[in-house]
Amino acid sequence: MGMNAYFTYSVVGFRGTGSVSYQAACTAVMIEGAIFFVLALTGLRYRIIRLIPEPVRIATPAGIGAFLAHLGLQTAEGIGAVVGDIATAVTLGGCPPEKQTKLVAWDDLCRLEGICVPSDNYTCDVEGGIMTSGRTWLGLLGMMIIAVALGYRSKLSFIYGIALVTIVSWFRNTAVTYFPDDDAGNARFDYFKKVVDITGLDMIITPFTSDLANAGVAI
């Protein structure tokens, strides 16, 4: 997950604004995969892991878990309890859509000509409404159900919480629906009604490049 975030937001950059092209990054990932495959096949991977200090090996899963938890608490496919903040980078959120203030890139085009590009990140500090979003509370309820079921050592703990949140969010015209009555919600619902969707492989096959210099930079 850390490698995914690094390539997406640092190497390729937001909407391709990074120093390496999307094609070069995909090629670098393919080369890295081949290298790791050889390391695993020859047993060198295990020997390299043995060289890593034990405290680092123990702390790494905890760090990955904290990173995934942070993603789940954010807005992008998360519960929106953590949002952006100008001063502290992140802060407590949970405000409904009508209270969300989008953050923009404050560049020369935005400052001089008023043409600002909004991001998916937003803050609740301007309009208020912190922790009043039904979607946030529904997500927290799902987490509480999972925690209680784990306390009873249930093997289906995560299924209970995820199933409840998922099924409740299917119903339209509610405060917690995943399909609000707008263009984005209608598009999601139209895709949802397909049940099964088969996507072509063109987006997987075409991104690779023969420019190994840029791929080497990405590696």
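1. A disulfide joins Cys-110 to Cys-116, with S to S at 1.8 Å; the term covers a pair of cysteine sulfur atoms within 2.5 Å. The link of Cys-110 and Cys-116 is right-handed, with 80 degrees about the S-S bond.

2. A word on the ground rules. This is a predicted model, where local features need pLDDT of at least 70 and side-chain atom pairs count only at pLDDT 80 or more, while totals for chains, interfaces and linings use all residues. Residues are numbered from 1 along each chain as its sequence is written, and side-chain values use heavy atoms, with hydrogens and water left out.

3. The disulfide count comes to 2. Cys-95 is joined to Cys-124, with S to S at 2.1 Å, and this link is left-handed, at -70 degrees about the S-S bond. The pair links distant parts of the chain, 29 residues apart: Cys-95 sits in the loop between β2 (89-92) and β3 (101-104), and Cys-124 in the loop between β4 (118-123) and α6. Helices (H or I, at least four residues) and strands (E, at least two) are DSSP runs, numbered from the N terminus. Both Cys-95 and Cys-124 are buried. With the bonded cysteines numbered in sequence order, the pairing reads 1-4, 2-3.

4. Now to helix α6 (residues 134-151), whose 18 residues reach 26 Å from first C-alpha to last, close to the 26 Å expected at 1.5 Å a residue (the expected span is 1.5 Å times one less than the number of residues). Its buried residues are Thr-136, Leu-138, Gly-139, Gly-142, Ile-146 and Ala-149. Seen down the axis of α6, they fall within an arc of 165 degrees, so they line one face of the helix; the arc is that of the directions from the helix axis to the C-beta atoms. On the other side of α6, Met-144 and Gly-151 are exposed.

5. Arg-111 meets Asp-108 at 2.4 Å, N to O; both lie in helix α5 (residues 108-113), 3 residues apart, about one turn of the helix. Lys-193 meets Asp-190 at 3.6 Å, N to O. Lys-193 is exposed at 51%, whereas Asp-190 is partly exposed at 43%.

Terms used: Buried means under 20% relative accessible area, exposed over 50%, partly exposed in between (1.4 Å probe, protein chains only). A salt bridge is a side-chain nitrogen of Lys or Arg within 4 Å of a carboxyl oxygen of Asp or Glu.
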